[in-house]
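Here is a short briefing for a first look at this protein. Read it alongside the sequence and the model.

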Amino acid sequence: MHVVVVGAGVIGAACAEALSAAGATVTVVDRSGPAAGTTGAGEGNVLVSDKEPGPELELAQASRRQLPELLAKLAEELGQADVEWQPKGGLVVATTDPQPLHDFAARQREAGVQAHPITAREAFELEPNLTREITAAVHYPEDGQVQPVLLATTLLSAVRQRGGQLLSRVTATGVSKHALLTDSGVIACDHVVNAAGPWAGDFAAKAGAPIPVLPRRGVILVTTPVVDLVRHKVYDADYVGAVASGDADLQTSTVVESTPAGTVLIGSSRQRVGFDDTIQVDVLRELARKAIRLFPKLRNVNVMRAYGGFRPYLPDHLPVIGEDHRVPGLWHATGHEGAGIGLAVATGRLLAELMTGRTPHIDPKPFRTDRPGLAL
Ligand SMILES: Cc1cc2nc3c(=O)[nH]c(=O)nc-3n(C[C@H](O)[C@H](O)[C@H](O)COP(=O)(O)OP(=O)(O)OC[C@H]3O[C@@H](n4cnc5c(N)ncnc54)[C@H](O)[C@@H]3O)c2cc1C
């Protein structure tokens, strides 16, 4: 079976890896190169803490379980698979009414998430530089972090090692029976996977199977390296509301974490402004102001740079994973919005299971293309 994957971001890479592990011959095409889209412009949080119980949380939990296993397997196969994986845990804090955070954590515990309410003293032991103004804190030991570009390129290395290929600077322009059409010619294949991230709606329309993927802008501030200022992934409880909202207007909520290089990443903003990639000072100011409220010592730390990307957004906040109901042979794996790094591994595995006729490890129905939430 020959499968062509459109898009060498983390989702295309995870699909390609899982398909090649299942025995398929895989070609990945990207109009730029590996991780050149949103994957190279995100953070690397692998979170279960920010998701309401439901299909997305189930996908996140599966992915969280599978990621370290897959990395161990790839390390053996490739000789190394260093993606800066840090199972460091997350800390969610409230600075206003504590009840919504406690209620949310209780619902998550019922869904099998480890969500431990802790005292302020325990929170300060975990994060000594945290503001003293917190009203509640919940520790999520399962949250982790990777370097997204390394994750994508490591998955693609495995694909190549198994005989697959990556074609950079090749733009997919449509599909025909048993082939992908590109600006560099026709590639014969049995299946095409649309993993074109925020541009997946555009490619899907050209392939005759529109899906309503839209870009949702996000911007990150990066500080110069600092020692031991932030230890976990820390965010304000209002982040969950911003993630779940579909509002087009600017929303910011504080998400702070350090990287192995010592820099601190400060997110996150959400805004639907099409593909406008302007870095706006008022967004940066808002991110900085809220981060300083959470970690007052950040006031004295320099910002080194800011960057932004476009989350692939679908109106019902669930990715599509599966074969298109209108165009047989065309599959979609996209719409992961702000969680594609964390959801990639289980997405790839689910898609490969469905394509090869194996029993899916999680219920695929909520991710189908013919669900009511995707009606155009
Ligand atoms: C600021 C920000 C912070 C984020 N933080 C996190 C986080 O902490 N944790 C998390 O899990 N997620 C996070 N995300 C979301 C995450 O980055 C995305 O969900 C994920 O990267 C999407 O991956 P993808 O492979 O679907 O898309 P992309 O990485 O965009 O890959 C799509 C690829 O398709 C290619 N392409 C497009 N059209 C064509 C075509 N016609 N032909 C050929 N190639 C084509 C593009 O060049 C691109 O390389 C964040 C996003 C942003 C913007």
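Across the domain boundary, 24 residues of domain 1 are in contact with 34 residues of domain 2, contact meaning heavy atoms within 4.5 Å. This is a predicted model, where local features need pLDDT of at least 70 and side-chain atom pairs count only at pLDDT 80 or more, while totals for chains, interfaces and linings use all residues. Residues are numbered from 1 along each chain as its sequence is written, and side-chain values use heavy atoms, with hydrogens and water left out.

**Domains**
- Domain 1 covers 2-80 + 147-212 + 316-374, and domain 2 covers 90-141 + 214-313; the bounds come from an automatic or database domain assignment.
- Their C-alpha centres lie 27 Å apart.

**Interface**
- About 2,200 Å² is buried between domain 1 and domain 2, and carbon and sulfur atoms give 56% of it. Buried area is the accessible area (1.4 Å probe) that two parts lose on being put together, summed over both.
- Glu43, Ser49 and Glu337 supply 27% of the area that domain 1 buries against domain 2, more than any other three residues.
- Three salt bridges are counted between the domains (a side-chain nitrogen of Lys or Arg within 4 Å of a carboxyl oxygen of Asp or Glu).
- Arg270 forms a salt bridge with Glu337, with the closest N and O atoms 4.0 Å apart.

**Ligand**
- Around the ligand there are 36 residues, of which Asp30, Thr38, Thr39, Asn45 and Glu337 come nearest; a residue counts if one of its heavy atoms lies within 4 Å.
- A backbone N or O atom of Asn45 lies 2.8 Å from a ligand nitrogen atom. For Glu43, a backbone N or O atom is 3.1 Å from a ligand nitrogen atom.
- Taken alone, the ligand exposes 1,000 Å², and the protein buries 97% of that (areas by the Shrake-Rupley method with a 1.4 Å probe).

Note on methods:
A polar contact is a pair of N or O atoms within 3.5 Å; within protein, one must be able to donate a hydrogen and the other to accept it, and residues adjacent in sequence count only if both atoms are side-chain atoms.
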